[in-house]
Amino acid sequence: MEAIVHTGRHFLQIPGPSNIPDRVLRAIDRPVMDHRGAEFAGIVKETLHEIRKIIQTSGAVVMYSASGSGAWEAAIVNTLSPGDRVLMFETGHFSRLWRQVAERFGIRVDYLPGSWHRGVVVEEIEAKLSEDKDHQYKAVLAVHNETSTGTTSDIFAIRKAMNRLGHPALLMVDAVSSLGSIEYRHDEWQVDVMIASSQKGLMMPPGLAFNAISEKAIAAGKTAKLSRSYWDWQEMLALSNNGFFPYTPSINLIYGLREALQMLLDEGLSNIFARHQRHGQATRAAVRAWGLGLVCQEPSEYSNTVTAVLVPEGHSADALRATILGKFDMSLGAGLSKLADKVFRIGHLGHFNDLMLAGTLAGVEMGLRLSGIPHTDGGVMAALDSLAPRSKPAPSVVEK
Ligand SMILES: *Cc1c(COP(=O)(O)O)cnc(C)c1O
């Protein structure tokens, strides 16, 4: 058999790692420099300054050489003690994984079961917190954008519920697949610890992870008893104000991050959020036109970075993805854990535009045909109509 040779650009439409702008790749492709020198310190300080604008915080931000999971761990080991209780709602695969990290450190997680069809049910969190009169819960952990289901939770509503009850728990938020794509307001929402990483909305390769940290979380860290070394905020914060790290940082990724942040800030946060919303809407229009189901069943919680689509019973989402990869050189996200083979996920985040979305959806529609998955034609057209609404016929034409 002849090997298939693909031409043109690969379509990487998984919900992270996302596509990397050429400008960012060029910025990374430079010699390393002395990470204890003045030039690099200047770059670090500039980068930490600019990323605060994306996180919408004036508080502390630390940056690790790690994937997002490292920042999950950092959030836990810096603020909690063995045996502490935390409250969490099951939104999907990523909430499960974060729970697992906490439990591995001896944290007792009250994990409120969820259907995976919607986001955090704030009333359930509020009910649990209101029963907790002696403030056993040290933290509430929430995933802002659940990447496995395409569902975005209302973080500010969680904060408001905590404030209504006067509950002192820390609010920790995984913003890995929302930061830089979907509105996230760290200070206004009074989030204590944010978790993020480089490879999603920040348009970077994997390898950098972030915590944004409130004063309250820093104070909690001073008495928290979990062991920590690599992840220790104190050491990081002591050096990072001057642009230094306790160990060798990912120098070239930081060059790239500086460029990516510049691109994001040039576009402007409100334009970025509006762009993602348009693309989310158009993607959902296509899914509806195909007659396929969305995993997210709560319209106010539709994710604008990723859409998880159910294939009809008796059909394989993984076979569909394999066909699309083989024929059209496009990678789509797999269904995770209990959604495996039932769901494919379309990433529409980061370095992305209308024509990339049109191409992505065309690849899905052709894949549905080739795989014999029952659907209605016209998803791509529905998306185009959403992106570029047909102008109304001139009044003289419609009037008799
Ligand atoms: C991608 C992702 C992570 C982090 O995953 P890593 O592979 O460790 O970078 C965490 N949470 C969510 C919601 C994600 O989408």
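A polar contact is a pair of N or O atoms within 3.5 Å; within protein, one of the two must be able to donate a hydrogen and the other to accept it, and residues adjacent in sequence count only if both atoms are side-chain atoms. With this term in hand, one may turn to the ligand: a polar side-chain atom of Thr-147 lies 2.4 Å from one of the ligand's oxygen atoms. The structure is a predicted model, in which local features need pLDDT of at least 70 and side-chain atom pairs count only at pLDDT 80 or more, while totals for chains, interfaces and linings use all residues. Residues are numbered from 1 along each chain as its sequence is written, and side-chain values use heavy atoms, with hydrogens and water left out.

An N or O atom in the side chain of Ser-67 is 2.6 Å from a ligand oxygen atom, and for the side chain of Lys-200 the distance from an N or O atom to a ligand oxygen atom is 2.6 Å. Of the 380 Å² of accessible area that the ligand has on its own, the protein covers 87% (areas come from the Shrake-Rupley method with a 1.4 Å probe; for residues, only the protein chains shown count as cover).

The shell around the ligand consists of 13 residues, and the closest are Ser-67, Ser-69, Thr-147, Asp-174 and Lys-200; a residue is near a molecule or strand if one of its heavy atoms lies within 4 Å of it. By class, four residues of this shell are nonpolar, seven polar and two charged. Here Ala, Val, Leu, Ile, Met, Phe, Trp, Tyr, Cys and Pro count as nonpolar, Asp, Glu, Lys and Arg as charged, and the others, Gly among them, as polar. Helix H3 (residues 68–77) provides the largest share of the shell, three residues. Helices (H or I, at least four residues) and strands (E, at least two) are DSSP runs, numbered from the N terminus.

The loops also hold particular features. Pro-17 is situated in the loop between strand S1 (11–13) and helix H1 (22–28), and the peptide bond that leads from Gly-16 to Pro-17 is cis, with omega near 0 degrees. Gln-56 belongs to the loop between H2 and strand S2 (60–65); its phi is near 60 degrees, a positive value in a residue other than glycine.
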